[in-house]
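Please read the following report with the sequence and the model open side by side.

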Amino acid sequence: MTGKARPETASADPVISAAPKAAREKLAKLGIRRDFDLILHLPLRYVDETHIYPIRQAPMGQTVQVEGVVVKSEVRFRPRRQLVCLIEDTSGALYVRLIHFYPNQAKVLSEGTRVRLLGEIRVGFLGPEMVHPQFRAVKEEAPLKESLTPVYPTTAGLSQPTVRGLIGKALARCDLSDTLPEALRDEQGLMPFSNAVRYLHEPPPDVSMAMLENRSHPAWQRLKFDEL
């Protein structure tokens with residue numbers, strides 16, 4: 001998305017300017033040189049971290065979020081060195097395997113720790129398992145996210161949390177005033193620009209994931225109109 005050019009001043013890009021030099025160089029590889037470029041750096045897809053599935057009820061073959069307590073954690077050496085953990089909730093259990101891991105990851109997945117996992121469950125040799133899921137230690141009843149989590153185009157060395165953080169700052173600071181007259185928006189049935197970009201970066205959990213990912217949602221229609 002290119003969008004309509006916005007006026008630039010020497011202090012117009014505080015978010016980019018405050019980023020470390022290495023991050024600015026990686027952003028430049030993605031064509032992001034201004035704060036407003038961050039606004040127009042739109043997600044490729046989304047994952048749902050607004051809901052936790054009971055382990056036994058979690059569907060296989062798609063990215064899901066589950067939570068449980070580590071009841072067993074050990075390093076195994078067959079067929080290759082890997083960290084294998086057993087996670088349980090009140091409905092059932094699954095294994096987590098990390099073929100490549102660091103000591104701090106093994107510490108998080110130590111016995112007795114409550115963890116929240118995001119990944120794809122599949123049938124493994126020992127039973128249901130996740131291989132290299134995203135995970136973090138949480139307290140019981142820790143709050144869930146209130147919007148779908150965007151997954152952005154990125155490059156090596158530029159993590160998703162970093163990109164999300166920068167875009168969040170840009171959304172808070174950039175001028176998102178509309179470039180189209182209200183009469184034209186009404187005639188074409190288009191969302192206001194600010195509403196559309198905020199929706200695409202922070203969609204509510206009840207939105208159709210298919211409409212977002214096939215870009216047929218009204219928010220995408222507005223951005224497409226601007227580009228054309």
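This is a predicted model: local features need pLDDT of at least 70, side-chain atom pairs count only at pLDDT 80 or more; totals for chains, interfaces and linings use all residues.

Residues are numbered from 1 along each chain as its sequence is written, and side-chain values use heavy atoms, with hydrogens and water left out.

The protein chain has 9 helices and 9 strands, where helices (H or I, at least four residues) and strands (E, at least two) are DSSP runs numbered from the N terminus. Its C-alpha trace spans about 60 × 40 × 30 Å along the principal axes. Of the 228 residues in the chain, 40% are buried; buried means under 20% relative accessible area, exposed over 50%, and partly exposed in between, with a 1.4 Å probe and protein chains only. Among contacts (heavy atoms within 4.5 Å) between residues at least 6 apart in sequence, 61% join residues at least 24 apart.

The structure holds 1 aromatic pair. The ring centres of Phe36 and Phe193 lie 6.0 Å apart with their planes at 15°, so the pair is stacked; rings of Phe, Tyr and Trp (its six-membered ring) pair if their centres lie within 6.5 Å, and planes under 30 degrees apart count as stacked, over 60 as edge-to-face and the rest as tilted. This pair links distant parts of the chain, since Phe36 is in helix 3 (residues 35–39) and Phe193 is in helix 7 (residues 193–201), 157 residues apart.

| Residue | Relative accessibility | Class |
|---|---|---|
| Phe36 | 6% | buried |
| Phe193 | 2% | buried |
| Thr154 | 33% | partly exposed |

Phe193 also takes part in a helix packing: Phe193, Ala196, Val197, Tyr199 and Leu200 in helix 7 meet Ala219, Trp220, Arg222, Leu223 and Asp226 in helix 9.

Thr154 lies in the loop between strand 9 (149–151) and helix 5 (160–173). Not counting residues up to four places away in sequence, Thr154 touches Leu30, Gln160 and Val163. Thr154 and Pro203 are 49 residues apart in sequence, and their C-alpha atoms are 20 Å apart in space.
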